[in-house]
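Student: Could we go through this model together, slowly, beginning with the words we need?

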Amino acid sequence: MGNSNNTSKRRNQLGSAIPGGVLTGLLLVVMVVLDVMLVRSALLPMKFLVPVMILLLVIVALLGVLTHRTGRTGRFAAGAVVSVLMAVIMIYAIIALNTLTNALNTITTVSTEVTHVGIYVLAEDEAETLNDLEEDTFGILSELDRTSTDGAIQQLNEDLDTEIATAEYDGLVELVDGLYDQECRAILLNDAYLDVIAEIEGYEDIDDRIREVTGLEVEEVIEETVTPEEEDEESTVTAETGNTFTLYISGIDSRNGLKAKSRSDVNILATVNMDTHQILLVSTPRDYFVPLSISNGVRDKLTHAGIYGVSVSMDTLAMLYDVDIDYYFRVSFEGFEDIVDALGGVNVYSEYTFTSSHNGHTFVEGYNYVDGEQALAFARERYAFATGDRQRGKNQMALIQAIINKAISPSILVNYSSILSAVEDNFETSLSYDLIAALVSDQLSTGADWDVITYSVDGSNGSAVPYSMSTTAYVMIPDEATVATAKELMQAVLSGEVITQP
């Protein structure tokens, strides 16, 4: 009789222990998944990662003891509630970490960019579809941007199952005049050139006089070009420490999205030293008159380099400053606005009190707390300043500095979801996931404040015929002394010197 009671008691204890065992098992599985994701993400420094993993293990073990029912119903109930809560917290952490790593992988795996080549006719032309034009002559540029043009022609021949007739023109003005004079019924043109044409006297109304029948997307792999100068000699600026790199920051206002080739209105080089925690921002005016990496020494406005791809902009600046540019970071103006809003606004310093011609926002001398729309107005304004584009470049760097200050503050954790959404949709970079993870891990480990130094190269007003245009236009002739100073500052940061604001 006694043996029967003992057997029954053991069975009851075993049965009552099953729920606790199931809860503990589930917690262990969730904990292991979270630990594996933390290790693979490489975002958490080791001095935090190991204690976090130990703490999770201790908590799961304690909850296992609490939920191991031994006749104490109240203790089991409390343990079960805490176990469920802990599981929810860890699952939420897994989801958040997965969202973060996916977003970083999305923005760091961009390897192509697109040229939107439009088929344009006169505004009053009756053509509605590509088939309406198949027997007509298409005007094309004879030399400029032939990669995009030839890619579009190939697509057209395949779509129409024929070989289209083309007429070549030496420059943009000649091409547009050929359409205006009806020498050809349609023209094939990289749409990034439309803004260039609109800058030419007498062609400001280009958008009203022509219309796009259809567009073709020519996709190309982003590759670093190598100039003859770089083949013959090494760059004079080199990284003497392991934790340094130079990043090209490009701001575009594209008609066809972030991946489309477009003029770059923001051209800033960020030289970063992770050991000294210094960032040097060097702004180059959009109208700087420099040889492009593809123009065989012929000078052009720096902004036009973006028409031929981000790699041409990078290589052109590399030639100007004799520096290796390791990565690029490209953002659209719309995306820029979204990012600032996702951060909850930023505190930017203005050197002047002024009212922007963009939406009429007024900024005071000193610090201004701005939302996305106000930040964009601040960054784009140039007409309110006697120095025009020079001051705009300084304001853009001030805004980048404000964004950096906000991005390294703990307050961004509250808005991480909206920040990731804004980042994922509105900018792209060639920075590797590993480097971004290293930067995040280093910041979490040190909690260091970053010292941001800014410098703008200068120049004199002039007029010339740029490589991408066939008529005289305003350009900024580089002041070589300021370019030399920029080179020296870059060298100093890369070599580990701690510099002060010029």
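Tutor: A residue is called buried under 20% relative accessible area, exposed over 50% and partly exposed in between, with a 1.4 Å probe and protein chains only. Helices (H or I, at least four residues) and strands (E, at least two) are DSSP runs, numbered from the N terminus. This is a predicted model, in which local features need pLDDT of at least 70 and side-chain atom pairs count only at pLDDT 80 or more, while totals for chains, interfaces and linings use all residues. Residues are numbered from 1 along each chain as its sequence is written, and side-chain values use heavy atoms, with hydrogens and water left out.

Student: How many of the residues of strand S6 are buried?

Tutor: Strand S6 covers residues 244–252. On one side lie Thr244, Thr246, Tyr248, Ser250 and Ile252, and on the other Phe245, Leu247, Ile249 and Gly251, and both faces are covered. The count of buried residues in S6 is therefore nine of nine, by the cut-off of under 20%.

Student: Which are the edge strands of the open sheet?

Tutor: The open sheet has six strands with mixed pairing, in the order S16-S11-S6-S7-S8-S17. An edge strand here pairs on one side only, and the two that do so are S16 (427–429) and S17 (451–456).

Student: In S16, which residue is the bridge partner of arginine 330?

Tutor: Three bridges join S11 to S16, and these strands run antiparallel. Within S16, the bridge partner of arginine 330 is glutamate 428.

Student: How many residues does the largest nonpolar core have?

Tutor: A nonpolar core is a set of buried Ala, Val, Leu, Ile, Met, Phe, Trp, Tyr and Cys residues joined through side-chain atoms within 4.5 Å. Among those with the most contacts inside the largest core are Met90, Ile279 and Phe336. The number of residues in this core is 62.

Student: How many residues of helix H9 are buried?

Tutor: Helix H9 runs over residues 310–321. Its buried residues include Val310, Met314, Asp315 and Tyr321, and the total for H9 is eleven of twelve.

Terms used
Two strands pair if DSSP finds at least two bridges between them. The expected span of a helix is 1.5 Å times one less than its number of residues.
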